[in-house]
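The sequence and the structure come first, and the notes follow.

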Amino acid sequence: MTRTVPDMPAVALAVTDGMLHYELSVALEVFGADLTHIVDPWYDFSLCGNGPVHVDRFRLEPDHGLDHLAHADTVIVPGWADTDRDPPAELVDAVRAAHTAGARVASLCTGAFVLGAAGLLDGRRATTHWAHTGELARRHPAATVDPDVLYVDNGDVLTSAGKAAAMDLCLHLVRLDHGSANANKIARRLVTPPHRDGGQAQFIATPLPAPGNHPLDALLPWVLQRLDQPLTVEDLARQARMSSRHLTRHFKHLTGTTPLQWLHTQRIRHAQELLETTDATVDTIATTTGMGTATTLRRHFHRSVGVPPDTYRRTFRP
């Protein structure tokens, strides 16, 4: 449903040294271009930063200082390149002040770390690039970090996964403000899919914990070689030579999830690999991944990945 917005809604892009140029460029292309031939009036767009900003090899001259974010209807925070460092306090304070003033705040990729530092993710669902979701969850335990979606819309606080998902979120904002028809026209202009729902999964393989001296070091490869077998928590605990309770505790600490959920994720991941790299039928893949039947695989695959297996295969194998 289209939200009620001013005749010319103000969108401010928060910029500072150390941001990712791709996500910043996506926001510039969607909100900063003159698209009045599609929607008139379009957005009143501005770059906000305290002085000249260096983004990779580019140099930007902001239109206003960061304090101007508080005057915007929507604030966009691009990806933050070095997630090992805390974002600048002046940026965090300005984003927090803008949200307090009533702005809708959206982060692209690792820009979620700025929102987290501002306290805007507490009590909310959020996402970021899958490689950084674990760290985001560790730093902001009051947030519910979902590693498996393209973007999350909480109304006044929105977050996206990496790269292409930044475009999905930007088009989602346009759709909210100006309707689906206009968002689709802009997507066609950008030669990008007009609508990928935020709940659709990031097309990634869930990474395994790095090999090392941890209690599950030998167990995880053993499980991966037996995905076609009907394994239980008791089977895994027996192989690891520990109780089911201790196994669950170690799994939660190492992977952030339960043994059965991790096993299910690995089966889906293996199904993704087979769909991408082989011509095996869905029935065969269901057997190989321990899903049993094609019907079961389709149900779980669609629920986990967001699209049916056949659609997923077409995405990666024209």
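**Salt bridges, cysteines and backbone geometry**

Arg238 is exposed, with a relative accessibility of 58%; exposed means over 50% relative accessible area, buried under 20%, and partly exposed in between, computed with a 1.4 Å probe on protein chains only. The model is predicted, and therefore local features need pLDDT of at least 70 and side-chain atom pairs count only at pLDDT 80 or more, while totals for chains, interfaces and linings use all residues. Residues are numbered from 1 along each chain as its sequence is written, and side-chain values use heavy atoms, with hydrogens and water left out.

**Salt bridges**

- A salt bridge is taken here as a side-chain nitrogen of Lys or Arg within 4 Å of a carboxyl oxygen of Asp or Glu, and the count by this rule is 13.
- Arg238 pairs with Asp235 in a salt bridge whose closest N and O atoms are 3.1 Å apart.
- Both Asp235 and Arg238 belong to helix 8 (residues 233-240), where they are three residues apart, about one turn of the helix; helices are DSSP runs of H or I with at least four residues, strands are runs of E with at least two, and both are numbered from the N terminus.
- Asp235 is partly exposed at 23% relative accessibility.
- A network of salt bridges with shared partners joins Asp86, Glu135, Arg138 and Arg139.
- Arg85 and Asp82 form a salt bridge, with 3.4 Å between the closest N and O atoms.
- In this pair, Arg85 is partly exposed with a relative accessible area of 44%, and Asp82 is partly exposed with 30%.
- Arg104 and Asp177 meet through their side chains in a salt bridge of 2.8 Å, N to O.

**Cysteines**

- The number of disulfides is zero, where a disulfide is a pair of cysteine sulfur atoms within 2.5 Å.
- Cys48 takes part in no disulfide, and its nearest cysteine sulfur, that of Cys170, is 16 Å away.
- The relative accessibility of Cys48 is 0%, and Cys48 counts as buried.
- Cys109 is likewise in no disulfide, the nearest cysteine sulfur being that of Cys170 at 12 Å.
- Cys109 counts as buried at 3% relative accessibility.

**Backbone geometry**

- Most residues other than glycine have a negative phi, and most peptide bonds are trans.
- The peptide bond that runs from Asp40 to Pro41 is cis, with omega near 5 degrees.
- Pro41 is located in the loop between helix 1 (21-32) and strand 2 (44-48).
- Asp56 is not a glycine, yet its phi is positive at about 55 degrees.
- The loop between strand 3 (53-55) and strand 4 (58-60) holds Asp56, which is exposed at 56% relative accessibility.
- Lys163, a residue other than glycine, has a positive phi near 45 degrees.
- Lys163 is in the loop between strand 10 (157-160) and helix 5, and it is partly exposed with a relative accessible area of 41%.
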